[in-house]
Amino acid sequence: MLSWPTDVETTRATRRLFLMGLGGALTAAAVAPGRLLAGPREERVLSFFHTHTHERLTVPYFADGAYLPEGLSTLTSFLRDFRTGDEHPIDPALYDILNDLRLATGTNSPFQVISAYRSPRTNSMLRENGHGVAQGSLHLQGRAIDVRLADVGSAALRDTALELQRGGVGYYRGPDFVHVDTGRVRRW
Ligand SMILES: [Zn+2]
């Protein structure tokens, strides 16, 4: 089973601030750094469109205070290395970052996936071809994902991710996507 540390705690204060968001829209002040926006028992559902495989997925991955093994398994397969087909468990905390980005931005769009899990073989290939991917990339550990949203600009998505302060955030203006991961809080 997965052994990632989980943080499903959230404060009532955070929740209250969230609910008090102006006209239902979340303001930056309501984002408590490092804390989950989703309630500890609230169902968490993510929707994706994979830009390479063109697959779509909407799946609940958390309900009644626990991660759902079936949902996590479906997501692991969906977020496989699309070049090699290799699968690797994904850190559920990464899903919580995406779910909180969904709540904080108010998006109605699925996350467009550019890259999720990367096998060592794929990472080496990308490095050799000068794609500027890191040798110790967290994509190799199932702890990073590159995404964009159709209805939220990538710069705004980056800003929201930075406010969460829950890991690394990278902004790629040209290819238009945001990298988020569950590593140390940092930005590039
Ligand atoms: Zn990335």
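Threonine 182 is placed in the loop between β7 and β8 (186–187), where helices (H or I, at least four residues) and strands (E, at least two) are DSSP runs numbered from the N terminus. The residue is buried, at a relative accessible area of 12%; buried denotes under 20% relative accessible area, exposed over 50%, and partly exposed the range in between, with a 1.4 Å probe and protein chains only. Its side chain is joined to that of aspartate 91 by a polar contact of 2.8 Å, a term for a pair of N or O atoms within 3.5 Å in which, within protein, one must be able to donate a hydrogen and the other to accept it, residues adjacent in sequence counting only if both atoms are side-chain atoms. The model is predicted, so that local features need pLDDT of at least 70 and side-chain atom pairs count only at pLDDT 80 or more, whereas totals for chains, interfaces and linings use all residues. Residues are numbered from 1 along each chain as its sequence is written, and side-chain values use heavy atoms, with hydrogens and water left out.

Six aromatic pairs are present in the structure, a pair being rings of Phe, Tyr or Trp (its six-membered ring) with centres within 6.5 Å, called stacked if the planes are under 30 degrees apart, edge-to-face if over 60 and tilted otherwise. Phenylalanine 48 and phenylalanine 111 form a tilted pair, with 6.2 Å from centre to centre and 40° between the planes. This pair links distant parts of the chain, since phenylalanine 48 belongs to strand β1 (residues 44–50) and phenylalanine 111 to strand β4, 63 residues apart; both residues are buried. The rings of tyrosine 172 and phenylalanine 177 are stacked because their centres are 4.7 Å apart and their planes are at 25°. Within this pair, tyrosine 172 is partly exposed at 30% relative accessibility, while phenylalanine 177 is buried at 11%.

Ring pairs also join Tyr61, Phe62, Tyr67 and Tyr95 into a cluster. The charged end of arginine 44 sits over the ring of phenylalanine 62, 3.5 Å from its centre, the criterion being NZ of Lys or CZ of Arg within 6 Å of the ring centre and within 35 degrees of the ring normal. Arginine 158 likewise lies over the face of tyrosine 171, at 4.5 Å from the ring centre.

The largest pocket holds about 500 Å³ of space. On a 1 Å grid over the protein atoms alone, a pocket is an open set of points with protein on both sides within 12 Å along at least five of seven lines, a cavity is a set where a 1.4 Å probe fits but cannot get out, and lining residues have an atom within 4 Å of a point. Of the 24 residues lining the largest pocket, Arg118, His131, Val133, Asp146 and Phe177 are the closest to its centre. β7 gives the most to this lining, with three residues. One cavity of 30 Å³ or more is present, and the largest cavity has a volume of about 40 Å³, a volume being the space filled by probe spheres set on grid points joined across faces, edges and corners.
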